[in-house]
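Subject: The structure, and what I found in it

Hi there,

Here is the structure I promised to pass on. Have a look at it first, and then read on for my notes.

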Amino acid sequence: MVAPLSVWPWENLGVFKYLLYGPFVAQVLYSRMYEDTAKSRWCLHLLILWGLRSSIYVNFGSFSNMLFLNQTRRIIKQGVDFKQIDREWDWDNFLILQAFMASMAYCIVPSLADLPLWNTRGLVTVLMLHIGASEPVYYWAHRCFHGEYLFTNYHSLHHESAVPQPFTAGHATFLEHLVLTTIAGIPILGSTLLGHGSLSLVYGYLVMFDVLRCLGHCNVEFIPYRIFERLPFLRYLIYTPTYHNLHHTDMDTNFCLFMPLFDAVGNTLNSKSWQLQKEYNAECGKYRRVIPDFVFLAHVVDLSSSMHAPFVLRSFASLPYATCFFFLPVLPIVFMVMLAMWAWAKTFVISLYNLRGHLHQTWAVPRFGFQYFLPFAAAGINKQIEEAILDADKLGVKVISLAALNKNEALNGGGTLFVNKHQDLKVCVVHGNTLTAAVILNDVPKDVTEVFLTGATSKLGRAIALYLCQRRIRVLMLTLSTERFEKIKKEAPADCQNYLVQVTKYQAARTCKTWIVGKWITPREQSWAPPGARFHQFVVPPIFPFRRDCTYGDLAAMRLPDDVQGLGSCEYTMDRGVVHACHAGGVVHLLEGWTHHEVGAIDVDRIDLVWNAALKHGFKPVTTSEQSHPVKVT
């Protein structure tokens, strides 16, 4: 049975809970059209406070997830996983509750209607009430919530979050936030009843209350320890992120709201509080980088998808990317950021996760997709990639995997340029396309006798053609270059060469039901496929699914092993826990302990080896095909 007041009344409303602000909006609009009243002004202030306070949590959340800025200052090093993000999805429920409780206070205390803009005495009054009432009441209430019954039925929800985040501060039960709202309201109502209230006091106190709550839960120790060395008494007046993190790891200590003084008086102050903060500050000064074992070197796709990052909006990044119209107003700002990145930025850390004791990070080259097709930008992009590889090598990274356009054949020969230039690299440079080819081939039904291949002379197209012809599968290779076709044909065993057939028009595939697409094709070109055909693809972006009488495969991808930890963001359009096959290929390279570079042309003889290694380590193929079978060379 659910404990009383442990569930939010609007829990099942989902996004429609924001309709509860409707009466406030209606009152404000009514006043603008007809009559301006004190009640409508109060509603307007509540709406402004909702927006302001929400932005505090969102901005602090962004700061907490800026790994490129604070990765060495993080207290708990692991990432925030999907489970925690989902649990904290409705972190802002308390703002709705406080809006309604503020409305009740307005009805009970009429003097709230005529608050002046500023009252100097109110500042002193609110400090006295906060220190004399709010702090001790919260301290004892918090200790009570750590009692067996209250903790089990209420407060344990807040402590389920393994990595404190600003949103964790709002993640609690209805009863807890009733108590917290009452505690936060004591200084405001008290000052008003004493005749010292003001609008500045209401705004200022609530904003500082939220800022300090976010500070304690941000998991980033950015307060210099030297402040407390020079002014020792301050350590009892204001807590730090380290201080409150200790409460989440040692739950019998550090119960205070913001002032450790009350823990000292109550004999619940953790003796490690100040020493740990000093150690974190020292570590930050000593180590400038957190050293991963594996790096996936990605790049920005376009303006809209650039906001699909944990440090922009955690909840948005935890879902597969899709165009959101509410981001359109900020695109001009994103465009200016893109120009700044083009001019000054270097490769930076986006996200991380852990797998079997290895730290994995995704780094981003500060370039957008369209820039890779600008001839004058190629040298600058290669310089960025080269610097990232050398940086990884210097740090001691074991494997760096190149994503998408970072391994473009025309740009750098699939990574060959860097390996040839720096032959003493200790870090393994990997394009991961061997596993990409394996995933595509694994999606081809075993009873297929003929396939139509576009992008046939590309790096992946060549490997797929050579692999399939060895299975005695006829490959219709669409290419206008006889020279490139003949070069690939000569690589095939003599008894398999007749299975490779050059075609120059899409009409040649009108009876072929298996299309492997490595080059963008238009709806008109898709129309040549017979009904029931399946489009397997390795083209980016994916082709438009025009034919309703055909099926379309996803981009080559694999699901990470089940024991992955701290994964809380989706890789572009991939589902949760799914990464592009080239990313997975780099991880397999690390887990297998291979020490060779995987650059340039794909070694067809290693396709089965890499595929079996991926399955051995718990990777799972992700396809839309109901019948997928491992492809074996006969």
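Which residue in S4 is the bridge partner of Val295? It is Ile400.

Before the rest, a word on the source: this is a predicted model, in which local features need pLDDT of at least 70 and side-chain atom pairs count only at pLDDT 80 or more, while totals for chains, interfaces and linings use all residues. Residues are numbered from 1 along each chain as its sequence is written, and side-chain values use heavy atoms, with hydrogens and water left out.

**The chain as a whole**

The chain has 24 helices and 14 strands; helices (H or I, at least four residues) and strands (E, at least two) are DSSP runs, numbered from the N terminus. Along the principal axes, its C-alpha atoms fill a box of roughly 95 × 60 × 55 Å. Of the 634 residues, 55% are buried (buried means under 20% relative accessible area, exposed over 50%, partly exposed in between, with a 1.4 Å probe and protein chains only). The chain exposes about 29,200 Å², and carbon and sulfur atoms supply 62% of that area (accessible areas come from the Shrake-Rupley method with a 1.4 Å probe; for residues, only the protein chains shown count as cover). Among contacts between residues at least 6 apart in sequence, 71% join residues at least 24 apart (contact means heavy atoms within 4.5 Å).

**Around S4**

Strand S4 covers residues 399-402. Four bridges join S4 to strand S1 (residues 294-300), and the two run parallel. Strand S5 (residues 428-430) is also parallel to S4, joined to it by three bridges, and there Ser401 stands opposite Val430. Two strands count as paired if DSSP finds at least two bridges between them. In a regular strand the side chains alternate between the two faces of the sheet. In S4, Val399 and Ser401 point one way, Ile400 and Leu402 point the other way, and all are buried.

Ile400 turns up again as a contact of Ile389, which also touches Phe418, Leu425, Val427 and Val429, leaving aside neighbours within four places in sequence. Ile389 lies in helix H16 (residues 378-395) and counts as buried because its relative accessibility is 2%.

Val419 sits in helix H18 (residues 416-421) and is buried, with a relative accessible area of 13%. Val419 and Val429 are ten residues apart in sequence and 7.4 Å apart in space, C-alpha to C-alpha.

**A six-stranded sheet**

There is an open sheet of six strands in the order S8-S7-S6-S9-S10-S11, with parallel pairing. Strand S8 (500-503) and strand S11 (551-552) stand at the edges with a single partner strand each, so one side of each has no neighbour in the sheet. Helix H21 (residues 482-491) packs on this sheet, touching S7 and S8, and its direction makes about 175° with that of S8 (axes are lines fitted to C-alpha atoms, for helices over the stretch in contact, and angles run from 0 to 180 degrees between N-to-C directions). S7 and S8 pair in the parallel sense over four bridges, with Leu478 opposite Val503 in S8.

Most residues other than glycine have a negative phi. Asn219 has a positive phi near 65°, and so does Arg472, also near 65°. Asn219 lies in the loop between helix H9 (199-217) and H10 and is buried, at 2% relative accessible area. Arg472 is in the loop between helix H20 (459-470) and strand S7 (474-478) and is partly exposed, at 36%.

Leu231, Phe233, Tyr236, Leu237, Leu261 and Val265 make a nonpolar surface patch of about 550 Å². Patches are made of residues with over 30% relative accessible area and no salt bridge, like charges being joined within 9 Å and nonpolar side chains (Val, Leu, Ile, Met, Phe, Trp, Tyr) within 5 Å; a salt bridge is a side-chain nitrogen of Lys or Arg within 4 Å of a carboxyl oxygen of Asp or Glu. Leu237 lies in the loop between helix H10 (226-230) and helix H11 (241-249) and is partly exposed, with a relative accessible area of 38%.

Best wishes
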